[in-house]
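Here are my notes on the model you sent, as numbered points. They are meant to be read with the structure open.

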Amino acid sequence: MTQDKFLENSGLTHLDPQGQAQMVDVSSKAATIRQAVATANVRMLSETFAAIEAGNVPKGDVLATARLAGIMAAKQTSALIPLCHPLPLQKIEVQIVPHPQLPGYQIYATVKTKAETGVEMEALTAVSVAALTLYDMAKALEKSIQIESIRLVSKMGGKSGDYSQPG
C-alpha cells in the first residue's frame, strides 16, 4: 500500500497526502454543542495531603491556585498544542476533589463549546496544568508528589459521537 493510500484510509486527518502535519479544515462542519470531561490524579504523602487540607502551605491556597491555572490553561490550549483550533469556550469548570485514600486529589475538568470541533484537548490541558500547579504549590513540602492517570472521561457531540470511558 502506498503512503497516500495509507493516509487516505487511516483517518489521520492531521496529515496531508505527503504525511506532513496540517491543521484540519473544519470550515464545512456545523457548529454544534460539544463537551469533554477529563481527569487526573495527584498522589502525595499523607502529611502533605494533611497540610494542604489544613491550608498550611508556604505558597498559599494550593487548590484555588491550581483550579484557576486549569481554567486559564484550557483557554490557552491552541497556543500550547500544535494544530489545535482556537475555540470559543462557553464553560470551563475545574474541580479538585480530596481523596484521603490516595492520599491526594482527583482533578476533573469539564469544558463546553458550540463550535465545529471538540474540546477534548482543552479538558486534558486543564487537568494537566492544574495538576502541575498543585505540584508547584506543594513542592516545598514534598518533591515526590506524583501526577497520574491523565485521561479523557467522556465527550459529547461531534461527528464521532459520544464517548464515555468504561468503568
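1. A residue is called buried here when its relative accessible area is under 20%, exposed when it is over 50%, and partly exposed in between. The model is a predicted one.

2. Confidence. The mean pLDDT of the protein is 88, and 87% of its residues reach 70 or more. Residues 1-10 have a pLDDT below 50, and this stretch has 11 contacts in the model beyond near neighbours in sequence.

3. Overall make-up. The protein has five helices and five strands, arranged along the sequence as α-β-α-α-α-β-β-α-β-β. Of its 167 residues, 38% count as buried. Among contacts with a separation of 6 or more, 67% join residues 24 or more positions apart. The accessible surface is about 9300 Å², and carbon and sulfur atoms account for 56% of that area.

4. Helix H3, length. Does the span of H3 agree or disagree with its residue count? Its 14 residues, 62-75, should span 20 Å at 1.5 Å a residue, and the end C-alpha atoms are 20 Å apart, so the two agree.

5. Helix H3, buried side. The buried residues of H3 are Val-62, Leu-63, Ala-66, Ala-69, Gly-70, Ala-73 and Ala-74. They cover an arc of only 135° around the axis and therefore lie on the same side of H3.

6. Helix H3, N-terminal end. This end is capped by Asp-61, which has a side-chain oxygen 3.3 Å from the backbone nitrogen of Leu-63. Leu-63 is also one of the buried residues of H3.

7. Cis peptide. The bond from Leu-102 to Pro-103 is cis, with omega near -15°.

8. With a relative accessible area of 29%, Leu-83 is partly exposed.

9. Thr-48. Leaving out residues up to four places away in sequence, Thr-48 touches Ala-138, Leu-141, Glu-142 and Ile-145.

10. Ile-147. This residue also belongs to strand S4. At 31% relative accessible area, Ile-147 is partly exposed. Beyond its neighbours within four places in sequence, Ile-147 is in contact with Asn-41, Ala-131, Leu-132 and Tyr-135. The C-alpha atoms of Ile-147 and Leu-134 are separated by 9.5 Å, and the two residues are 13 apart along the chain.

Notes:
Residues are numbered from 1 along each chain as its sequence is written. This is a predicted model: local features need pLDDT of at least 70, side-chain atom pairs count only at pLDDT 80 or more; totals for chains, interfaces and linings use all residues. Side-chain values use heavy atoms; hydrogens and water are left out. Helices (H or I, at least four residues) and strands (E, at least two) are DSSP runs, numbered from the N terminus. Buried means under 20% relative accessible area, exposed over 50%, partly exposed in between (1.4 Å probe, protein chains only). Contact means heavy atoms within 4.5 Å. Accessible areas come from the Shrake-Rupley method with a 1.4 Å probe; for residues, only the protein chains shown count as cover. The expected span of a helix is 1.5 Å times one less than its number of residues. The arc is that of the directions from the helix axis to the C-beta atoms. A polar contact is a pair of N or O atoms within 3.5 Å; within protein, one must be able to donate a hydrogen and the other to accept it, and residues adjacent in sequence count only if both atoms are side-chain atoms. pLDDT is the predictor's confidence in each residue, from 0 to 100.
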